[in-house]
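Reader: I have a structure to look at and would like to learn how its parts hold on to each other. Could you walk me through it?

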Amino acid sequence: MTVRIAVLGLDHWYAALPFARAVQAHPEAELVVIADPDQVRSSEIAAELAVEASTDPAAAAIRPDVDAVACFSSVDRSPALCIAAAGAGKHIVAVKPLAMDLTTADTVVAAVEEAGVVFVPSEARRTSALALRLRSLLGDGPVGDLRAGTFSMHSAVPAPWPGQVGPSWWTDPDRAPGGGWIDHAVYQIDRMRWLFDSPVRAVSGTIGNLRHPDLDVEDYGHAVYTLESGAVVTVEDTWIASSGDSQTTMHLVGTRGSVHVDSRTGTISVSRGDRTWDTETMPDDGFDTLDVLLAAVVDGVPAPADVHAARETLELALRFYENAVRV
């Protein structure tokens with residue numbers, strides 16, 4: 001079985017371009033069309049991959065020769081495309097976060113449920129090599145049951161397109177529900193929920209513009225999530241780094257040991273509680289959405305995260321914004 005896929009929008013180009021190239025290279029997938037309102041962008045990528053270009057994502061979402069869509073449009077435009085695709089019986093890979101607000105998110109959830117289609121949220125990387133390695137360390141593993149965690153990413157303001165400079169659509173509060181914090185916090189919130197496996201009891205934190213005071217959205221956010229299990233998790237994400245100076249770190253502390261991940265050094269280190277650390281090469285943590293989609297559609301393997309997971313991640317992100325103190 002070959003799954004025919006349309007890419008809807010290139011706003012999230014850093015995810016859309018690798019996804020489109022992966023589809024083109026996969027033996028069980030066929031890239032049908034690149035659809036973006038910007039004709040220059042859609043034509044450039046379509047020409048690279050030798051597929052059809054379109055400036056009408058809404059029309060591409062319901063084409064009869066398409067089995068699934070991957071929506072990489074900005075957050076304000078994505079829900080309508082997902083709803084249209086679901087109504088036409090198309091399986092969906094969706095951009096992050098799910099929507100601008102929970103009311104809109106609920107309309108997407110309802111459409112997906114009614115259609116009974118597969119929905120893969122792009123913020124949920126639960127089958128990447130790094131995710132599986134982390135999971136193997138917990139429970140009966142050397143780290144044990146998690147009691148605390150710290151997730152952090154510092155990067156620059158996103159570029160509007162490869163090679164271009166200046167602020168992107170992410171800095172427009174009419175097109176995204178937040179700025180430098182939610183941009184990457186959605187990935188970490190989903191990972192927190194998956195690894196810690198406990199509902200959130202309370203959310204607090206700090207938000208502000210520490211480097212870019214003229215932005216209409218924050219460039220800094222630091223959230224503290226207190227879980228029902230008693231564990232405490234911090235999620236710090238920013239746009240305050242210099243261009244090209246991006247770093248992601250993770251530190252998970254359990255009842256027997258801890259694990260530290262650092263994208264700068266490309267390492268993962270595990271403490272087994274005996275004052276020594278075992279260090280190994282950091283496994284890949286790339287986007288695994290295509291593999292998850294194909295496994296679900298072709299082989300009937302349920303996706304590890306669905307539209308309800310995407311809604312929960314959005315809800316927890318919005319709860320932070322409601323409770324954060326601005327500096």
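Author: Gladly! This is a predicted model, in which local features need pLDDT of at least 70, side-chain atom pairs count only at pLDDT 80 or more, and totals for chains, interfaces and linings use all residues. Residues are numbered from 1 along each chain as its sequence is written, and side-chain values use heavy atoms, with hydrogens and water left out.

Reader: Is D11 buried or exposed?

Author: Buried means under 20% relative accessible area, exposed over 50%, and partly exposed in between (1.4 Å probe, protein chains only). By that rule D11 is buried, its relative accessible area being 7%.

Reader: How many salt bridges does a search of the whole structure find?

Author: Side chains of opposite charge can pair when their charged atoms come close. A salt bridge is a side-chain nitrogen of Lys or Arg within 4 Å of a carboxyl oxygen of Asp or Glu. Searching the whole structure gives 16.

Reader: How many residues apart in sequence are the parts that D11 and R175 tie together?

Author: The side chains of D11 and R175 meet in a salt bridge, N to O at 3.6 Å. Helices (H or I, at least four residues) and strands (E, at least two) are DSSP runs, numbered from the N terminus. D11 sits in the loop between β1 (3-8) and α1 (13-25), and R175 in the loop between β7 (146-154) and α7 (182-196), so the parts they tie together are apart in sequence by 164 residues.

Reader: Which helix holds E48, the partner of R21?

Author: E48 and R21 form a salt bridge of 2.8 Å, N to O. R21 belongs to helix α1, so the pair ties together parts 27 residues apart in sequence, and E48 lies in helix α2 (residues 39-49).

Reader: Within what arc do the buried residues of α2 fall?

Author: The buried residues of α2 are R41, S42, I45, A46 and L49. They line one face of the helix because, seen down its axis (taking directions from the axis to the C-beta atoms), they fall within an arc of 120 degrees.

Reader: Which exposed residues does the face of α2 turned away from its buried side carry?

Author: The buried residues of α2 are covered by elements including α1, β2 (29-35) and β3, where contact means heavy atoms within 4.5 Å. The face turned away from that buried side carries the exposed residues Q39, V40 and A47.
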